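Here is a friendly briefing for anyone meeting this structure for the very first time. Take a look at the sequence and the model, then read on topic by topic.

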Amino acid sequence: MAEYQYDLVVIGAGPAGESAAMNGTKAGLRVAVVDERSTVGGNCTHQGTIPSKALRHAVHQVMQFNRNPMFRHMSGQKWLSFPQVLETADRVINKQVAMRARFYARNRVDLFHGHATFKDNNSLQLQLDDNKVDVLKAKDFVIATGSRPYQPPEIDFDHPRIFDSDSILTLTTTPRNIAIFGAGVIGCEYASIFNGLGSKVDLINPGERLLAFMDDEISDALSYHLRGHGVLIRHNESFKSVEGFDDHVVLTLESGKRVKCEAFMWANGRTGNTDSLNLEAVDLEPNSRGQLAVDDHYRTKQANIFAAGDVIGWPSLASAAYDQGRSISGVISNNGTYRHVNDIPTGIYTIPEISSIGKTERELTVAKVPYEVGKAYFKDTARAQITGEEAGVLKLLFHRDTTELLGIHCFGDQAAEILHIGQAIMSQPNGGNSIRYFLEHTFNYPTMAEAYRVAALNGINRLF
Ligand SMILES: Cc1cc2nc3c(=O)[nH]c(=O)nc-3n(C[C@H](O)[C@H](O)[C@H](O)COP(=O)(O)OP(=O)(O)OC[C@H]3O[C@@H](n4cnc5c(N)ncnc54)[C@H](O)[C@@H]3O)c2cc1C
Ligand SMILES: NC(=O)c1ccc[n+]([C@@H]2O[C@H](COP(=O)([O-])OP(=O)(O)OC[C@H]3O[C@@H](n4cnc5c(N)ncnc54)[C@H](O)[C@@H]3O)[C@@H](O)[C@H]2O)c1
């Protein structure tokens, strides 16, 4: 058994762990990172964000090709299989892993690969692959162990036709039809992916509308477009059972409906990876979803143990995890990089894409804020007419007295990129946050950014 001493030990080499480690080492701390995987990147790189986004991009390209009349001169419609698009995801994963491994090496962060459990408040036991055990001692710890799909015990996830969002990446054929239970972000994104591959998709939603946290108009637009492409959406359904057979699966819902499909994907719920950390040794208790409570500094109730990323629950995004991790080593090293991460944008990679920040119309109405709306439909911008990506809208919500931007909601191609222009204005202090910015500055033409000018004019014209 070897014993090592560090200032900071981070458990988990996903976005939260990586950024905590990098900011810590740059601040002069002696840092080690532990991950039970043999490569870095976390679930984000291997099973979550990166593979799903790479898959989605490949599928979107196929859809663009098949839709574009120009390409018909060159060939008929082309289709790729799920395993073929997965190959493109693998290429991206490999690049990400190589790049991230270089970060650790260049920044002199020691990497350990093994399963970590707490021994006490200042030491961690590391079970190495070769049955050896190391002990890492440190002043401070970061728990950045992420999350995994929640698996209800009554579902047989070992059945070759029953998947969750991790195991779907092992699918070896393109199912002719797939039922997805759960219409949160994961369910909606995979519904787009399979629909784009030509599978018939049943998307079954336990809630009343898709992505209920989004602005109603955007959620409606997503439903309309998914339905338009042939996805069958059922709302307000409860799961009863799923039975796997040799060549099909039957999903039964509490309402009595039965859905027969070649593959079934469970996309409802995630659990924080805390159950095997031996948290009893440090007197920490996760909630029923395996998540840890933290204060505004991402500190658990133990002063030297911090937690970030999916393991602390909302918003469970890689984007936020990076900033939370960095903030933690800002607190520990006191190097001025602490920031409480709120005002987080949403980027949802359905086809078409969705992105938003700030308040929704419903929230502003409940709060009795006198807001106005400015909209630009993508079909009315030159850029979208050129690219052929005409489905979409940019919606700006602003205070009718101060013209301050209160919410930005975008649906359509590149929405997740377009949003950040508005976010930059929205975060300006001292009166800098005004919809008038888009009228007082000249935008490149033709660009999708021009939609801001069109939407701002549309909104300002409503004022009296
Ligand atoms: C299908 C899908 C798509 C997603 N798409 C997006 C997206 O588009 N944008 C976005 O911002 N977010 C997205 N997310 C969410 C994003 O992937 C997560 O928020 C992010 O991965 C969380 O990062 P993390 O650092 O908390 O941990 P993770 O990335 O979960 O990594 C945790 C690491 O800890 C390790 N670990 C766990 N327990 C131990 C232990 N005891 N000892 C040693 N190591 C341990 C694991 O091996 C893992 O490598 C998606 C998630 C899924 C599932
Ligand atoms: N583009 C993106 O940003 C993106 C893409 C995919 C996933 N994600 C992230 O991954 C996470 C999962 O996504 P999701 O939309 O499918 O939602 P989800 O799986 O977290 O939630 C779906 C439903 O399951 C319930 N639930 C959650 N955990 C549970 C548990 N352990 N036990 C029982 N019920 C539980 C929730 O309350 C919700 O009703 C989200 O937090 C999301 O932010 C983000």
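Strand S9 (residues 200–204) is largely enclosed by the rest of the structure, because 4 of its 5 residues are buried. Buried here means that 20 or more other C-beta atoms lie within 10 Å of a residue's own; with 12 or fewer the residue is exposed, in between it is partly exposed, and C-beta atoms are placed from the backbone. Helices (H or I, at least four residues) and strands (E, at least two) are DSSP runs, numbered from the N terminus.

This is a predicted model, in which local features need pLDDT of at least 70, side-chain atom pairs count only at pLDDT 80 or more, and totals for chains, interfaces and linings use all residues. Residues are numbered from 1 along each chain as its sequence is written, while chains are lettered from A and ligands numbered from 1 in the order in which they are written.

**Strand S9 and its partners**

- Strand S8 (residues 177–181) runs parallel to S9, and 5 bridges join the two; strands pair if DSSP finds at least two bridges between them.
- Within this pairing, Ala-179 has Asp-202 in S9 as its bridge partner.
- S8, helix H6 (residues 185–196) and S9 form a right-handed β-α-β unit. Right-handed means that, with the strands pointing away from the viewer, the path from the first strand over the helix to the second runs clockwise.
- From S9 the chain crosses through helix H7 (residues 216–228) to S10, again as a right-handed β-α-β crossover.
- S9 and strand S10 (residues 232–234) also pair in the parallel sense, over 3 bridges, and Ile-204 stands opposite Arg-234 in S10.

**Around ligand 1**

- Which residues come nearest to ligand 1? Of the 38 residues around ligand 1, they are Gly-12, Gly-14, Gly-42, Gly-146 and Gly-309; a residue belongs to such a shell if its C-beta atom, placed from the backbone, lies within 6 Å of the molecule.
- Elements that give two or more residues to this shell include helix H1 (15–26), strand S2 (31–35), helix H3 (49–67) and helix H8 (318–333).
- By class, the shell around ligand 1 has 15 nonpolar, 18 polar and 5 charged residues. Ala, Val, Leu, Ile, Met, Phe, Trp, Tyr, Cys and Pro count as nonpolar, Asp, Glu, Lys and Arg as charged, and the others, Gly among them, as polar.

**Around ligand 2**

- Ligand 2 is surrounded by 19 residues, and the closest are Gly-184, Val-185, Ile-186, Gly-269 and Ser-316.
- H6, strand S15 (270–272) and S17 are the elements that give two or more residues to the shell around ligand 2, and H6 gives the most, with 4 residues.
- The shell around ligand 2 has 8 nonpolar, 8 polar and 3 charged residues.

- An unreviewed UniProt entry gives the annotation "binding site" to Lys-53, Thr-145, Gly-146, Ser-147 and Asp-310. UniProt positions are given in the numbering used here, feature names are shortened, and annotations may be inferred rather than shown by experiment.
- Lys-53 is found in helix H3 and is partly exposed, with 17 other C-beta atoms within 10 Å.
- Ser-147 sits in strand S6 (residues 147–149) and is buried, with 23 other C-beta atoms within 10 Å.
- Not counting residues up to four places away in sequence, Ser-147 touches Arg-270, Thr-271, Gly-272, Asn-273, Asp-310, Val-311 and Ser-316; contact means C-beta atoms, placed from the backbone, within 7 Å.
- The unreviewed UniProt entry also lists residues 344–455 as "domain: Pyridine nucleotide-disulphide oxidoreductase dimerisation". Over residues 344–455 the chain is 30% helix and 28% strand.

**Backbone details**

- Trp-314 and Pro-315 are joined by a cis peptide bond with omega about 0°, and Pro-315 is in the loop between strand S16 (305–307) and H8.
- Another cis peptide bond joins Ile-351 and Pro-352, with omega about -5°.
- Asn-236 is not a glycine, yet has a positive phi of about 55°; Asn-236 is exposed, with 12 other C-beta atoms within 10 Å.
- Asn-430 has a positive phi near 50° and lies in the loop between H11 and H12.

Technical notes:
Contact = placed C-beta atoms within 7 Å.
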